[in-house]
Every structure is written in structure tokens, then in C-alpha cells.
Amino acid sequence: MELAVEAVGLRKRYRGVEALAGLDLTVGAGRVLGLLGPNGAGKTTTVRVLATLLRPDAGFARVAGHDVVREPDGVRRRIGLAGQYAAVDEVLTGWENLVLVGELLHLGRRGARRRARQLLDRFDLAAAADRPVRTYSGGMRRRLDLASCLVVEPSVLFLDEPTTGLDPVSRLALWAAVEELVAGGVTVLLTTQYLEEADRLADRIAVIAAGRVIAEGAPDELKRKVGLPWLEVAVVDPATVPGALSVLAPVAAEAPVVDRDGARITVRLRDGADDLATAAVALRTAGVEVLDFALRRPTLDDVFVQLVGHTT
Amino acid sequence: MSTLAVRPRWPLALCVEAAAAAGRRLRHLRRAPGRFLGITLNPLVSMLILGYLFQHSITVPGAGSYQEYLFAGAAAQVGLAGIGPSAIAVAGDRDRGLVDRLRSLPIDRGAVLIGHTLADAVVGVLGLAVVTAFGLLIGWRPHGDPLSTVAAFALLALFGYVMSWVGVLLGMTSRNAESISALAPLVTVVLPFLSNAFLSSASLPGWLTPIADWNPVSAVSSACRALWANPSGTATSFAGTHPGVVLAAWLGPLLVVSAGLSLRRYRATG
Ligand SMILES: Nc1ncnc2c1ncn2[C@@H]1O[C@H](COP(=O)(O)OP(=O)(O)O)[C@@H](O)[C@H]1O
Ligand SMILES: [Mg+2]
């Protein structure tokens, strides 16, 4: 697979703090990598190194075929960066912001204006085009920030916590915009503290903590690493719980757990789907009336707790 | 797959990019006319208070009209007043993450700062025009030949341009914009009083006289007075009688150092 981003052994030290402690990662061309980690894990530092804003103390990184240290211009010509804080000019209008980027990128006055109009339409900002960005909502700012990255369409896009602080509706809109870009072939590296976001957008997830990748894989792969699925059974009558426990014991990998109300049983299964059928039949045979019977898979939250020791 | 716009060769590319950056700063200043007022406010107040209210209690050392002596100092104050806004704008861009966006674009990183200072120069010239109109109103007149008159204004514009770079460096090295907004007015107000801008340097306490004579504000003011054939005080020291030398000794290194360091810092990947 052709690699759009390749980083090997990146290190960066700030006085006393090792922000990157030998970070390795790769993103295949046209793919989406979610860089998932708590605050201070080194996500922003990674993005800044890859976007040529920061020189690593050690290590090597290549983005869109160019070395970030030796050929920063080549990298800059092919990337878009939406930083952790929307980097738009508050005083200018949305329209002026985009025209400015177009002019800086040599689209010419007319070209810059045409492109600005297209992007404002595409990001649903046309109605607010002539208002100073100061008056925009957080979601509008983020969309404008993303639009500014696309004035000249990049082949690799870096998004640093693109939806932090956004309301759910704006978050969905931004996700849709990113998905559309990916469908168009753009490679995306996005950082996030939200497991749900990585799960939804990323083909692969790299979990990062203390400047290092501590787990990597497809979302499902990571979840499987954390453990087998488990069965949750809610019974109608708490009096039937002992009976249920005894018929479930044969399929349990460890002793089933009953929650405090005494009506819900959690069973770690030994063998996934097969055990599920066995358990269902056993409960019916024992005459246990069931309210809810579901196979639960570990969420990325569980992945996170397991790997990092705490949630974000 | 990426649609690349054609970037012209180096000097032309830099010009286009600097022009775009300058356009942005001019828009900013147009949106916030207070900033523009800010750079003319101090000089206008100086002329009003000293040249009008106190005109009878101040006499020019030597001879001549005090308003004519005062004007060069007030005009030099326009340049000083540009340091603060320039620094605050640069620090603000950095703090708001805008610099990161600009630095990730395939443009000459110097273009942003060069555009910024060029826009400042335009605004400085407008500020000078306002201050000059007011000067004419309170009685200032140039008496030199037209070329010398224009040369003095060019000198003031150059002084302002260098001060804008000083502001850029200040903004880039400062920790936050607030400390600048606290300190910058001090420079605009105090520095002229430690010079011959408003009063002869000889009237200062003796130990301050050499400092005032070597103050670049004195040098700009004296040089302008000479070019405009305005009353020029009674300096006798080398520095006091050779404003051109003092000015060159200040502006050349200041420009090279502040522009050089700022550009280097802006271009460097941290
Ligand atoms: N400019 C800086 N100076 C000092 N320490 C920094 C600087 N930038 C980041 N750090 C430190 O480096 C570590 C990683 O930071 P960062 O990459 O911003 O993490 P994240 O984006 O995952 O929250 C943190 O401990 C942070 O405090
Ligand atoms: Mg961060």
C-alpha cells in the first residue's frame, strides 16, 4: 500500500516534558487514521511535526512523499491543516478569509473569489459570508477553518480535534464533511479524544499516550483485543435469577455478575455466537422470562480504559 | 490529485503573497478605526496641549515659533505610536493560531511580516497627513525648498517603517499581548520627553542631556527641523548637531536586527 504519511521514531522534548517519545505511525493513501489519546498525549505535537510547524528532535517523517524536515515546501504544497483552535481571522468576514487564502496561494483575485464562493456554498456558510467571523458560532468557525484548508485541495489533511467543543448537530455536519472529503480520495489524519469519533471516521486507530503509540489497528481489531463480547440478560422476575445463573454457568468464561437491582446478569462468554444460542435455549428451557437479551461488544471506551488505565 | 495553483518564481511570488497579507492588515485597520485614531491621538494631544494651551509658558531656546519647533517632534511621535499596534497584531495572530495556518501554507514565510509592515507604512503615512493638517492649523509652516520638505516627510515615513518592524519583533518575542498594550503607550509618551521633540535637550537635567541627544526621536526631529528650516534649538554636542549620523546609527541597525530576527523566527520550525 502506498503511504501518505510515514513517521518513524519521532521525538520531541520540551523543557522536562517528553511530548513525543519515539512515535511511529503510518497512514495509507486515501485512508483515515484516528489518533486517539487523552489530553497531553502528544496529539497536537505529532500533527505540528507532520505539518512542518515543528522540527522533531529525532526521528523521520515523510508526508505525501516529502521529508518534513528537508523538504517542508513540498509537504506544505500538499497538506491542509485545521489546528486545534479554528485558525480563522476573527475580524475578517468568512468570504474575506477564504479570498485571502486564495490570493496567498496565487489563484489570482478572480480565481480566489470563485473558489471562496464555491466553498462557502459547500460548507453552508453562504448566508453568513459577509459577517465578521467574530459573530460565527463554534460550528461555523470550524467549517470555515476546514474550508480554508481546501482552497487548494490537499492530498493529506490534518485535523486536530476537529469537533472538540462542538454541539452534536455541528459535530455531525463536520463528520459528514470529512466523510465527503475522504470519498474524494483525501488522506486524513485526525486526532480526537472522542472514541465515538474515531470509531465513526477512522479506518485505523492509533491509541497514543505519553508520546507513544500504545495500540494500533482497525476499530474492530482493537475492540477484540480488549476482550470477547459479553451477554447481558435482564429478567422479568428477580426471583428467577438463581435459576438463570445456574443454566448460564456452562457458557460463562468467568462467574456471571448480577447487578445491584438483582434483575440484570452479565456473562462473559467463552465462545461468542455459539454460546449465545446455547444460553438462549437454556433460559427458555428453565422457564426464565427474559426482558432483554443482548450481546454487547466492548466499546472504544473499554479499549481506552484497558490501555491507558483511565478514560478521557 | 491535488489541484496546484501555479506559484510564480521567487521575487514575484513574494510580492503577490506580501500584497495579500498587506491587504488583510489594511482591512483590519479599516474595521477598527480606533487603531488609526490611536496612532494620531498622541501627536495631536501633544500639539494641542503644548502648542496651544501652554504656548505662552514655553519659549524655544534660540528663537522662533514654538509651534514650528514642536511640530517635528509630534510628527516623530506618529512613528513611535505605531510600535504598539504592530506588536499587538503580531502577538494576537500567534495566540489565535492564525500563524500556524499561515505557516502551513506553501508561501514565503517572510511575506506575512513584510506585508504587515508595508500596510503599517501606508497607515503611518495617512497618520502623518492628519497630524500635518493639524500642524498647519496651529501655525506650523515649512520654509525649506519643496524637495527638502518632501524629504523630511520621507524620513518620517522611514522612521515609522522601522518602528513597525520593532513592533513586529516585540510582538513575536512577547509572552502575551496584554503586557504590550500596557507598555507601548509608555514608549509613545515618555520617549519624546527624553528627547528634544518638545523641549530643548539642554533644558533637561544635565545627566539626561547626552541621552536625549542620542535619542533617535531627537535625531528625526532635528533632521526634519533642518529640512523644513524650522527653529532648531541650541544643541552643541556632536550628537545634537549631527542628527543624520545619529539617525543612521540607529535606524540601519534597528531595521536589520528587528527585521532579520523577526523573519528568522517566523521562518524557523520551532
Ligand atoms: N510549547 C510547549 N512547551 C512546553 N510543553 C509543551 C508545549 N507544547 C506541548 N507541551 C507538552 O507536551 C505534551 C504533549 O502536548 P500536546 O501534543 O499538545 O498533547 P495533546 O494535543 O495530545 O493534548 C504535554 O505534556 C504538553 O504539556
Ligand atoms: Mg492537542
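**Close-up views of a predicted two-chain model**

View 1. B:Tyr52 is exposed, at a relative accessible area of 52% (buried is under 20%, exposed over 50%, partly exposed in between; 1.4 Å probe, protein chains only). This is a predicted model: local features need pLDDT of at least 70, side-chain atom pairs count only at pLDDT 80 or more, and totals for chains, interfaces and linings use all residues. Residues are numbered from 1 along each chain as its sequence is written, chains are lettered from A and ligands numbered from 1 in the order written, and side-chain values use heavy atoms, without hydrogens and water.

B:Tyr52 sits in helix α2 (residues 33-53) of chain B (helices are DSSP runs of H or I, at least four residues; strands are runs of E, at least two; both are numbered from the N terminus). With B:Leu41, B:Val45, B:Leu48, B:Ile49, B:Leu53 and B:Phe54, B:Tyr52 makes a nonpolar patch of about 650 Å². Patch residues have over 30% relative accessible area and no salt bridge, and nonpolar side chains (Val, Leu, Ile, Met, Phe, Trp, Tyr) are joined within 5 Å. A salt bridge is a side-chain nitrogen of Lys or Arg within 4 Å of a carboxyl oxygen of Asp or Glu. Areas follow Shrake-Rupley with a 1.4 Å probe.

**View 2. Magnesium site in chain A.** The protein donors of the magnesium ion (ligand 2) are A:Thr44 (OG1) and A:Gln84 (OE1), at 2.0 to 2.3 Å. A:Thr44 lies in helix α1 (residues 43-50) and A:Gln84 in the loop between β6 (79-82) and α3 (94-104) of chain A, so the pair ties together parts 40 residues apart in sequence. Donors are N, O and S atoms within 2.8 Å of the metal (3.2 Å for Na, K and Ca); water is not among the atoms, so the site may look incomplete. A:Thr44 is partly exposed, at 27%.

**View 3. A:Ile208 in strand β9.** A:Ile208 belongs to strand β9 (residues 204-209) of chain A. Its relative accessible area is 0%: buried. Beyond neighbours within four places in sequence, its contacts include A:Leu23, A:Leu35, A:Pro38, A:Lys43 and A:Val213 (contact: heavy atoms within 4.5 Å).

**View 4. Helix α3 of chain A.** Nine of the 11 residues of α3(A) are buried, so the helix is largely enclosed by the rest of the structure. Among the buried residues are A:Glu96, A:Asn97 and A:Leu100. The buried residues pack against α4 (108-122) and α5 (138-149) of chain A, together with α1 (10-31) and α5 (98-103) of chain B. A:His106 follows α3(A), with a positive phi near 65°.

Terms used: Patches are made of residues with over 30% relative accessible area and no salt bridge: like charges are joined within 9 Å, nonpolar side chains (Val, Leu, Ile, Met, Phe, Trp, Tyr) within 5 Å.
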